[in-house]
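Please read the points beside the sequence and the coordinates.

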Amino acid sequence: MLGKTLCIGVGSMGGALLRGALQHGVLKACDTHILVRREEQCKALAEELGVVGFTTLPNVNEYNTILLAVKPQVLPSVLETLKEVPYGTVMISVAAGVTLDTLDAAIPQANWFRAMPNTPASIGAGMTALAGDDVNTDLGRTVQALFEAVGEVAVVSEADLDRLGALSGAGPGYMFVILDALADAGVRIGLPRQLAIKAAAQTMYGAGKMALESGNHPSVLQGGLRSALQDGVVACLARSNELGK
C-alpha cells in the first residue's frame with residue numbers, strides 16, 4: 001500500500017487516477033487527501049470520493065505518498081511548497097516533460113517516480129509509461145499498481161517514457177479521426193449516423209483487442225487489406241489500359 005496519500009490536483013487525470021485507485025483498493029479513502037484550489041470543487045470531490053479535501057497545503061510531514069497531478073507549468077511553484085517533505089516520501093509526477101533530474105534537484109530527499117498516463121485512463125483503459133530509480137523494486141511495483149487500476153502499465157527507461165507518452169498521448173486523437181472517417185463512410189453508403197459510429201467504434205475496439213490477444217504483428221492481421229490495395233492498383237491499371245484501346 002502507498003500509505004497516507006495526498007493528491008495535488010484533481011482534474012481529469014488526477015480524478016481518473018483517484019477513482020480507479022479507490023475503486024480497486026489501491027488507495028483507501030480514509031488515508032487519501034486531496035488539494036484543490038477552488039472551495040466548491042474541493043467540497044464536491046471530497047464528497048464524491050469519500051476523502052478529505054483541502055484548499056491550502058496541509059502538513060506534508062503526515063504523508064507517505066504525494067501524487068502531483070498538475071500541469072507542467074504549474075509544477076515548479078508546487079515543488080517550491082513541498083521542499084520540506086520528509087526523507088523517503090514517495091512522490092509521483094504525471095507532468096509531461098519534467099525530468100527525474102529536475103524533480104530530484106528540486107526535492108532530493110524524495111523517492112521520485114514519473115508516469116505518463118493517457119486520456120483513456122478515465123474509463124479504466126489507459127496506457128501508462130512508468131519510470132523511476134526504484135521502479136523495479138517492491139516500492140516500484142506498489143506505484144505500478146496505482147496506474148494498473150486505470151489500465152495497462154509499461155515500466156520503462158525515462159527516455160522511453162517520453163517516447164511512449166508521445167505515442168499513447170497523441171494516439172487516442174488519431175483514433176478518433178479514423179473512427180470519424182469510418183463512420184462518415186458508413187453514412188455515405190446509407191447507414192444511420194449513430195449506427196455507423198457504433199459500428200466503427202466496435203470495429204476499432206475489436207481490432208485492437210485482436211492485436212493484443214493474438215500476439216500477431218499488425219502486418220499479418222491486415223494482410224487482407226494489403227492484398228486488396230495491391231489488387232486495386234492492378235485493377236486501376238487494367239481499366240486504364242482498357243479505356244485507352
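**Points on the predicted model**

1. G88 is partly exposed, with a relative accessible area of 36%. G88 belongs to the loop that runs between α3 (75-81) and β5. When neighbours within four places in sequence are set aside, the contacts of G88 are with Q109 and N111. A separation of 72 Å lies between the C-alpha atoms of G88 and S240, which are 152 residues apart along the chain.

2. The protein contains nine helices and eight strands. Its radius of gyration is 23 Å, well over the 18 Å that the globule rule gives for 245 residues, so the protein is more spread out than a compact globule. The C-alpha trace spans about 85 × 35 × 30 Å along the principal axes.

3. Burial and surface may be taken together. Of the 245 residues, 38% count as buried. The accessible surface of the protein amounts to about 13900 Å², and carbon and sulfur atoms account for 58% of that surface. Among contacts with a separation of 6 or more, 54% are made by residues 24 or more positions apart.

4. As to charge, the protein carries 18 positive and 23 negative side chains. The centres of these two sets are 10 Å apart.

5. Helix α5 comprises residues 138-148, and its buried residues are G140, V143, Q144, L146 and F147. These residues lie on the same side of α5, because they cover an arc of only 145° around the axis. The elements that cover them include the helix α1 (12-23). The strands β5 (90-93), β6 (111-116), β7 (126-132) and β8 (151-155) are also included in that cover.

6. Which residues does Q144 contact, leaving aside its neighbours within four places in sequence? They are L130, V153 and V155. Q144 is found in helix α5, and its relative accessible area of 16% makes it a buried residue. The cut-off applied here is that buried means under 20% relative accessible area.

7. Helix α2 spans residues 39-49 and has C42, L45, A46 and L49 as buried residues. The arc that they cover around the axis is only 100°, which puts them on the same side of α2. On the face turned away from this buried side, the exposed residues are E40, K43 and E47. The buried residues of α2 pack against α1, β2 (32-35) and β3 (52-54). Just after the helix, G50 adopts a positive phi of about 75°.

8. Is T5 buried or exposed? T5 counts as buried, at 3% relative accessibility. T5 is part of strand β1, which covers residues 5-8. Not counting residues up to four places away in sequence, T5 touches L27, D31, T32, H33, Y63 and T65. The C-alpha atoms of T5 and E62 are 8.8 Å apart, although 57 residues separate the two along the chain.

9. A69 sits in the loop between β4 (65-68) and α3. This alanine counts as buried, at 15% relative accessibility. Apart from neighbours within four places in sequence, A69 is in contact with I8, G9, G14 and V94. A69 and F113 are 44 residues apart in sequence, and their C-alpha atoms are 12 Å apart in space.

10. T81 is located in helix α3. With a relative accessible area of 46%, T81 is partly exposed. The C-alpha atoms of T81 and V60 are separated by 9.4 Å, and the two residues are 21 apart along the chain.

Key:
Residues numbered from 1 in each chain as written. Predicted model: local features only at pLDDT ≥ 70, side-chain atom pairs only at ≥ 80, totals over all residues. Heavy atoms only, no water. Helix = DSSP H or I, 4+ residues; strand = E, 2+ residues; numbered from the N terminus. Rg over C-alpha atoms; globule rule 2.2 N^0.38 Å. Buried < 20%, exposed > 50% of the residue type's maximum accessible area, 1.4 Å probe, protein only. Contact = heavy atoms within 4.5 Å. Areas by Shrake-Rupley, 256 points an atom, 1.4 Å probe, with all protein chains shown as cover. Lys, Arg positive; Asp, Glu negative; His and termini not counted. Charge placed at Lys NZ, Arg CZ, Asp CG, Glu CD. Arc of directions from axis to C-beta.
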